[in-house]
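Subject: Structure for your files

Hello,

Below is the structure I said I would pass on. My notes on it follow; please read them with the coordinates open.

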Amino acid sequence: MVADLPAESPAEVWESFAAAVPKGKRPLRLVPGRRPREIGPHVGQWLSERIGRVVLAPYGLVHPGTAGVLFVHSVANSGWLWFQRGQVIGREAKRFPRPAWDSPAVAEVVAAGVGGVAEPLPAGLWIRPEGDTGTVSAARTKLVKAVPCHPGALVIVLGCPGAGDLALSNVAAIWQTLPDDIRATARFARFGGLVLPQDGSTGQALADVLNAEVRCYTGLPTGSAEALDVLTLRPDGSYGWNTFAQGFAYRPRTVGGTPEPPRLWVCRPPIADLPEASPGVYRYTSDTVIEVVESGLWIRPGEGDAGPSDARTVPLDPAGSLVVYESADPAQADHLRTMAESLLDRLDHSTVLTTTVVPTTALTSRPKAEAVVAARPVSRPQAGNQTRPAVAEEPVTEVLVRNQVRRAGAERPGGREGVDSVVPERPVNRMSIKERLEPAATGGGHVDEPADTKLPLLSRMMDTLTVPAPDFSAEPGSLSLDTDDAPTVAVATVAAEQQPRHESDWLRRTVTEELDRQAGHAKS
């Protein structure tokens, strides 16, 4: 239920609210509908006592994410709490709907090695360089509003545009703290600068350092978990184009060995309803197929095995995609070029504006790395002749209230996820993560005891708050709030801008639809 009440509602208003709650036995989730989207901690227990139902209420600020996710984050131990008459307070989750991986391991802001920070997002974790400037705040807003929460997989976002390069030791420090079941489904998304080997890609460098198979998106995942778009990121952090090859899996190389080619893990079909001949390969005409590659699409003859090709090794260009046609055989080159141009005419308009048609003979083979294609020997048919429009940055309308950071001491419908599920056995490198990092970068896993910090911002804002923040490190069943006194029902008394009415309507509608959807699943 959305509590669309002013930020400084007196007790009489909450009395009226409780009287208006329909009778029933199902748990009631209380969602603040107006900024600062926060409810005093006594309200949940008081309302539960008054209406005789289990109440789920936020402790901390509520941040609406993409696809209706409600993410509670501002102070230590913030999250969704449940209250019941005569029972102790319990913690439900950090995010609603609750993903399978939601746990205390991904719920708080923590130091990530030396000079790094890991903070929770609706979609998972963000590991970035230390410091909290305006650049970081704008990036945080973008990630909260853009990256969808996958119910079965944690997304780990790496780096921050304009905030310096993140060391792999910072990533390793956090990786070692994650439970095995969370690691098994985790996906990485590069967002900012990383310190990488000279000829290494993000995915291969992570696999080598973490000594594990890793899955990496080719850009920033957006949209929803059911209809995923993976958008490339330009060096300034602005969006590029919607990729076809959305993610690759990388395996760690053996000591002194050559890394295996990455395998396509999830992709977007180039055209709806094309039959899939093999993972990531779609039948286009009777004699041609379209293969999804990192740089875009490759159109080639459909008969026989394509074998190794430069088309598979060209790195992704954040500014635009390629439609590559096979030109090694002059007798077929003109036909395949015609097919490539007809394919371009069938792609979505935004993709056409950033796509170049290129023959394979014009490609330059080079190590796979995050680099712009040096030469784009170009032929742009008709629609492609338009100038590429700059992608405007979304306005920053909301910034999360930030925890004080303690420094360390020293799949879209029709798409394919898991397109290559058969992985052969191979020798395992038993080197530890520490041994895999450069000596100068080691020490990332050590975190000193945090020094005392100032009173959390939420507590300073709460004029009526008389109880400490719940300590969720205690054993279940040991939490309680004293409610013997008159109910303290005032919410945060911080002044807030008047919230647009349409935003409250959106929040109420989204929560209602999500609860109806969950109720439908439960009945079925």
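Is F96 buried or exposed? F96 has a relative accessible area of 4%, so it is buried. Please keep in mind that this is a predicted model.

W80 belongs to strand 7 (residues 79–83) and F96 to strand 9 (residues 95–96), so the contact ties together parts of the chain that are 16 residues apart in sequence. W80 is buried as well, because its relative accessibility is 0%, and the limit for buried is under 20%.

A further aromatic pair is formed by W175 and F188, and this one is tilted, with 5.6 Å from centre to centre and 35° between the planes. W175 is in helix 4 (residues 168–175) and F188 is in strand 14 (residues 187–190), so this pair links distant parts of the chain, 13 residues apart. W175 and F188 are both buried.

Two arginines sit over tryptophan rings. The charged end of R128 is placed over the ring of W126, at 5.3 Å from the ring centre. R300 lies over the face of W298, and here the distance to the ring centre is 5.2 Å.

Now the backbone. The peptide bond between F96 and P97 is cis, with omega at about -5°. P97 itself is located in the loop between strand 9 and strand 10 (110–111).

- N77, with phi near 65°, is in the loop between strand 6 (70–72) and strand 7. Strand 7 is also the strand that holds W80.
- D273, with phi near 70°, is in the loop between strand 20 (263–267) and strand 21 (276–278). D273 counts as exposed because its relative accessibility is 79%, where the cut-off is over 50%.

Regards

Note on methods
Residues are numbered from 1 along each chain as its sequence is written. This is a predicted model: local features need pLDDT of at least 70, side-chain atom pairs count only at pLDDT 80 or more; totals for chains, interfaces and linings use all residues. Side-chain values use heavy atoms; hydrogens and water are left out. Helices (H or I, at least four residues) and strands (E, at least two) are DSSP runs, numbered from the N terminus. Buried means under 20% relative accessible area, exposed over 50%, partly exposed in between (1.4 Å probe, protein chains only). Rings of Phe, Tyr and Trp (its six-membered ring) pair if their centres lie within 6.5 Å; planes under 30 degrees apart count as stacked, over 60 as edge-to-face and the rest as tilted. A charge sits over a ring if NZ of Lys or CZ of Arg is within 6 Å of the ring centre and within 35 degrees of the ring normal.
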